[in-house]
Amino acid sequence: MASSVEFSPNSQIPIAPSFGQSLGGVSRRDALKQMAAVGASAALSVPSVFAGMPRVDSNPKLGRIDVHHHMLPPFYMDLRRAVPNVGVMPTWSPSKSIDDMEKNGVATAMLSLAVSGVAFDAGEAGRSLARKSNDFGAQLVKDHPANFGLLAALPLPDPQGSLAEIEYALDTLHADGIAVLSSYGDKWLGDATYVPVFEELNRRKAVVFVHPNAPNCCANLQAHVPASSIEFLFDTTRTIESLLVSGTFSRFPNVQFIFSHGGGTMPILANRMVRTFPKDLASQVPNGVLFELKRQYYDTASASNPTSLSALMSVVPNSQVLFGSDFPFISAGEPASDLMHSGLPESAVEGINRENAVRLFGRLKG
């Protein structure tokens, strides 16, 4: 399907409260350091907008590859339970992952720590938690090499610690890629602090999975509205814009980004981002804003419904869309069913389910 459109000229505790619940006596600053909001909204139930295209039974020939699949190690859950009133997390185990995968035609899941990792304070606590998480995930891959891959966590506010963890994760553990958050405190991924990290990731031609977060500026803006409902989607867009205006996309073209949830609100705002991009920063996107948006990857977690999927594919080609579930918060059956009834051509569905990810993760060919 031709899907492009032309636009006009430290703690060891993850951050932010979950599901919009109050943290009682914990200060807002402390709460933001304690726990990242977690969860995902159910896909919309609306008629397919891909009118006129035949529906296909999209069981992939060799099994889906799920690029948005979380692990919740016991030590991570212990840290989470230490924070009062942070909300309920689903129960998880490797067997629960494999069971959901087998039921829904997923051959391989790329594991990332819940909320794509944690936001760390600089220092040994962050480095230690990253290492422990990555060792845990690598052992799962060793035990189940056909079922799992690993997107390794970084202590990103600590650039030197992150560089050390990149070397360990990619050279020793042979992780399939790296997982980061869209923001840390009030710094987005285009911040100059992270340049040394992206230089190394660019040298290694690394896959970088970006999961949204609620930044200091914008958590708990409205009572009873969890960050995962709205703020996560805007923060993904903020970090995409920061990567554009900083020139990170163009300076480090070998980094292969995957943005969660269909790129958040980017598909809706893409035309505006193109038209209003600062003229004095044009050198940061020498090939244009739309060029950079089109060459990134985006997953279907909570974005496989007709409204989200059609918006995304009006901006980027279907070759850049990857299957993602957000397990254990959402079963892989939901996006699998949405794609099955999307009306997209079979070749596009097969690409989303598997072939687009195989291009990124070469060890999965076969």
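Helix H4 (residues 124-143) and helix H5 (residues 159-172) have axes that come within 10 Å and cross at roughly 20°. Angles under 35 degrees count as roughly parallel, and H4 is therefore roughly parallel to H5. The model in which this packing is seen is a predicted one. The crossing by which H4 passes H5 is right-handed.

On the H4 side, the contact is made by Arg127, Ala130, Arg131, Asn134 and Asp135. On the H5 side, the contributing residues are Gln160, Gly161, Ala164, Glu165 and Tyr168. Sorted by class, the residues of the contact of H4 with H5 comprise three nonpolar, three polar and four charged. The charged ones are Arg127, Arg131 and Asp135 of H4 together with Glu165 of H5.

H5 also packs against helix H6 (residues 195-203). Here the angle is about 15° and the axes are 9 Å apart. H5 and H6 are therefore roughly parallel to each other. H5 passes H6 in a right-handed crossing.

The contact with H6 draws on Pro159, Ser162, Leu163 and Ile166 of H5. H6 supplies Pro196, Val197, Glu200 and Leu201. What is the make-up of the contact of H5 with H6 by class? Six of its residues are nonpolar, one is polar and one is charged.

Of its 366 residues, 58% are buried. The protein exposes about 14,200 Å², and carbon and sulfur atoms supply 53% of that area.

Threonine 108 lies in strand S2 (residues 106-113). Is Threonine 108 buried or exposed? Its relative accessible area is 5%, and buried means under 20%, so Threonine 108 is buried.

Terms used:
Residues are numbered from 1 along each chain as its sequence is written. This is a predicted model: local features need pLDDT of at least 70, side-chain atom pairs count only at pLDDT 80 or more; totals for chains, interfaces and linings use all residues. Side-chain values use heavy atoms; hydrogens and water are left out. Axes are lines fitted to C-alpha atoms, for helices over the stretch in contact, and angles run from 0 to 180 degrees between N-to-C directions. Helices (H or I, at least four residues) and strands (E, at least two) are DSSP runs, numbered from the N terminus. Angles under 35 degrees count as roughly parallel, over 145 as roughly antiparallel, 65 to 115 as roughly perpendicular and the rest as oblique. A crossing is left-handed if the near helix is turned anticlockwise from the far one by less than a right angle, and right-handed if clockwise. Contact means heavy atoms within 4.5 Å. Buried means under 20% relative accessible area, exposed over 50%, partly exposed in between (1.4 Å probe, protein chains only). Accessible areas come from the Shrake-Rupley method with a 1.4 Å probe; for residues, only the protein chains shown count as cover.
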